[in-house]
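Trainee: I would like to learn how to read a few features of a structure. Could you take me through one?

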Amino acid sequence: MKLAAVVVFYFPSEDNINHINKYLKEVDRLYVIDNSDDDVIRIKYKDKINYIKYGENKGIAFALNDGAHQAINDSYEWLLTLDQDSKITVENISDIKNFIKTTKEKNIGLVAPFQDIGLPYQKSNSEYEEYIELMTSGSVLNLDAYKKIGGFKDWLFIDCVDTDYCLNLHKNKYQVLRLNNVIMKHSLGELKLHKFLGKTYDCFNHNPIRRYYIVRNNLYINEMYHDLCPDYCDHLIRAQKGQAKRILLFEKNKIKKLRMMLKGYRDYKKGVKGRISE
């Protein structure tokens, strides 16, 4: 099975860059998309790597679409999507490839590993399960399905890009599968756990700009897919209220984060899309 991969950089650390070498041998082509808004060249062209430097931040969705279009032009049928924090291993990739090659499932849109983001979890006994949405980081996309659903929505810019993509797959009758025995470690924000009145609360400590996109884009997701997944969309909206409470109780820079969340709501009501001035 031939497999291309795309990894999106945004001011990566040396560790992020060096991690490429830990999985490069399991992919046939790697497209490195650098969204950093400067002129620094971070990686040299070499065998199997295409490095694309924008010099500005065009967002995760634009970068993933760029990688997917290049993979399609290079005749690949499957694409592994990564961000710079993805701690994927050659074993993870090999296991996903083997599943795709041997499964009897016929309408796969996306296959993902179990994402270990540092929260307690209970392992499922089943080899794989269908999910409403999974993170694109570490996922392998069926590029035929990608073309049929129109790819990622550039105007989402950064947050909810994966949520929209998965719900769009479901809307078009494709499966979104998680392999429960393939576990990939992944950093999501700056996760910290807090205890309060006998309960444990997870806080991701996203910066104010991220809080803006999370609120605004979740409202667009609710608008686009509520008829398809009403319970899940209601959960997304409730979760934003819960995040506001966590910010008030535990996080720093409370006022600016809450103001940006309010701005996200107001901009949604105005129909604002794409990148905002930071």
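Predicted model: local features only at pLDDT ≥ 70, side-chain atom pairs only at ≥ 80, totals over all residues.

Trainee: Which residues line the largest cavity?

Mentor: The lining is made up of Val7, Phe9, Asn16, His19, Ile20, Tyr23, Leu82, Asp83, Gln84 and Ser86. By class, five of the lining residues are nonpolar, four are polar and one is charged.

Trainee: And which helix or strand supplies the largest share of that lining?

Mentor: That is H1, with four residues. At least two lining residues come from each of strand S1 (4-9), helix H1 (14-23) and strand S4 (78-83).

Trainee: Let me turn to a loop residue. Is Ile43 buried or exposed?

Mentor: Ile43 is found in the loop between strand S2 (29-34) and strand S3 (49-53). Its relative accessible area is 11%, and buried means under 20%, so Ile43 counts as buried.

Trainee: What does Ile43 touch, leaving out residues up to four places away in sequence?

Mentor: Its contacts are Ile20, Val32, Ile49 and Tyr51. One of these, Ile20, is also in the lining of the largest cavity.

Trainee: Now a helix, please. Which residues of H8 are buried?

Mentor: In H8, the buried residues are Lys257, Met260, Met261, Gly264, Asp267 and Tyr268. Viewed down the helix axis, the buried residues of H8 fall within an arc of 125°, so they line one face of the helix. Ile255, Arg259, Lys269 and Lys270 are exposed on the other side of H8.

Trainee: What covers the buried residues of H8?

Mentor: The cover includes helix H6 (208-225) and helix H7 (230-250).

Trainee: How many residues does H8 have, and how far does H8 reach?

Mentor: Helix H8 (residues 254-270) has 17 residues and spans 24 Å from its first C-alpha to its last, close to the expected 24 Å. Just after H8 comes Gly271, with a positive phi of about 85°.

Definitions and conventions. Residues numbered from 1 in each chain as written. Heavy atoms only, no water. 1 Å grid on protein atoms, 1.4 Å probe; cavity = no way out; pocket = protein on both sides within 12 Å on 5 of 7 lines; lining within 4 Å. Nonpolar A, V, L, I, M, F, W, Y, C, P; charged D, E, K, R; others polar. Expected span 1.5 Å × (residues − 1). Buried < 20%, exposed > 50% of the residue type's maximum accessible area, 1.4 Å probe, protein only. Arc of directions from axis to C-beta. Contact = heavy atoms within 4.5 Å.
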